[in-house]
Amino acid sequence: MAGTDVTHAQWTRPNIQPSWLVRLFDWKPFLIFMCMLPAAGLLLVFLTYPLGLGIWLAFTDTTIGRSGVWVGLENFEYLMGDRLFWQAVFYSVFYTSVATVGKFGLGLWLALLLNNHLPFKSLLRAIILLPWIVPTVLSAIAFWWIYDAQFSIISYVFVDVLGWRTTYFDFLGSTWPARWSLIFANIWRGIPFVAITLLAGLQTISPSLYEAALLDGSTGWQRFRFITFPLLLPILAIVMTFSIIFTFTDFQLVYAITRGGPVNSTHLLATLAFQRGIPGGNLGEGAAIAVSMIPFLVFATLFSYFALARRKWQQGEAND
């Protein structure tokens, strides 16, 4: 009996208290904080610091080669009376609105078309992606060549081949033709992103819903109105938000094709901020123009949030 007690005591595991460090990492809030710390550090260094520096420069008179001093709202007060700034605001909003409508109209049409059973569907999807995968500067140079006053392929076809015109098109020589030419180039480049993303959303809609609607004798428009569009709305809101942000902050396409010309008529806020800040040397003024874009971008983000919130409310879900 005594030997059995000794054996039991020998095999009893000692109750060792964990150290304070182990207990600290076992505490869930601290563990979550430690896991998020690297990501927060990267955001702080690579996102928050440049953004904060840009906002601070907007309130100074900093120029290239000279550190500025705090001037408060002086840069913004100057911009309020700057005709070129308001012209850039108008064209940025117009450019974004028209290009977004064009991209979503054509992108949705392409997505609905590719969602059907078509021959060579995979090949067609790959071809549609081509404008998206081409580098922006390369496509901008291509459009610059297409819009050239002397070497445009469009002018060559209409004048030298078909003989429908006697003079070449001057796409970039005057204000509105140049503006519409840039919008067309932006639509051409943005359609693949919208079409493929919406196509992915269409693939998630159950075919049984369309089969039930067909049995009820619904028309094509009724199926789109009451099945496709409501179920596609969350993706539409997200894609539209990204599209608006990308279009409103567009720089490469406009600067590579027109550099804001003719006579500064095609400047977006991004290109005007660059022109004032870097070639013009007024970093404070350029930063103020860039900061003035923030309210428009916040509005686009809120648009997406409230669209998703409305969709959840329709489905009876609580907002996060």
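The centres of domain 1 and domain 2, taken over C-alpha atoms, are separated by 34 Å in this predicted model. Domain 1 covers residues 22–58 and domain 2 covers residues 81–311; these bounds come from an automatic or database domain assignment. Residues are numbered from 1 along each chain as its sequence is written. Local features require pLDDT of at least 70, side-chain atom pairs count only at pLDDT 80 or more, totals for chains, interfaces and linings use all residues, and side-chain values use heavy atoms, with hydrogens and water left out.

Four residues of domain 1 are in contact with five residues of domain 2, where contact denotes heavy atoms within 4.5 Å. The two domains bury about 340 Å² between them, and 83% of this area lies on carbon and sulfur atoms. Buried area is the accessible area (1.4 Å probe) that two parts lose on being put together, summed over both. On the side of domain 1, the greatest losses to domain 2 fall on I55, L57 and A58, which together account for 84% of what that side buries.

By class, the side of domain 1 that touches domain 2 comprises three nonpolar residues, one polar residue and no charged residues. In this scheme Ala, Val, Leu, Ile, Met, Phe, Trp, Tyr, Cys and Pro are nonpolar, Asp, Glu, Lys and Arg are charged, and the others, Gly among them, are polar. Zero salt bridges are counted between domain 1 and domain 2, a salt bridge being a side-chain nitrogen of Lys or Arg within 4 Å of a carboxyl oxygen of Asp or Glu.

For the protein chain as a whole, there are 16 helices and zero strands; helices (H or I, at least four residues) and strands (E, at least two) are DSSP runs, numbered from the N terminus. The C-alpha trace spans about 120 × 70 × 35 Å along its principal axes.

P262 lies between α13 (252–257) and α14 (269–277), and the peptide bond from G261 to P262 is cis, with omega near 0°. V263 belongs to the loop between α13 and α14, and its phi is near 50°, a positive value in a residue other than glycine.
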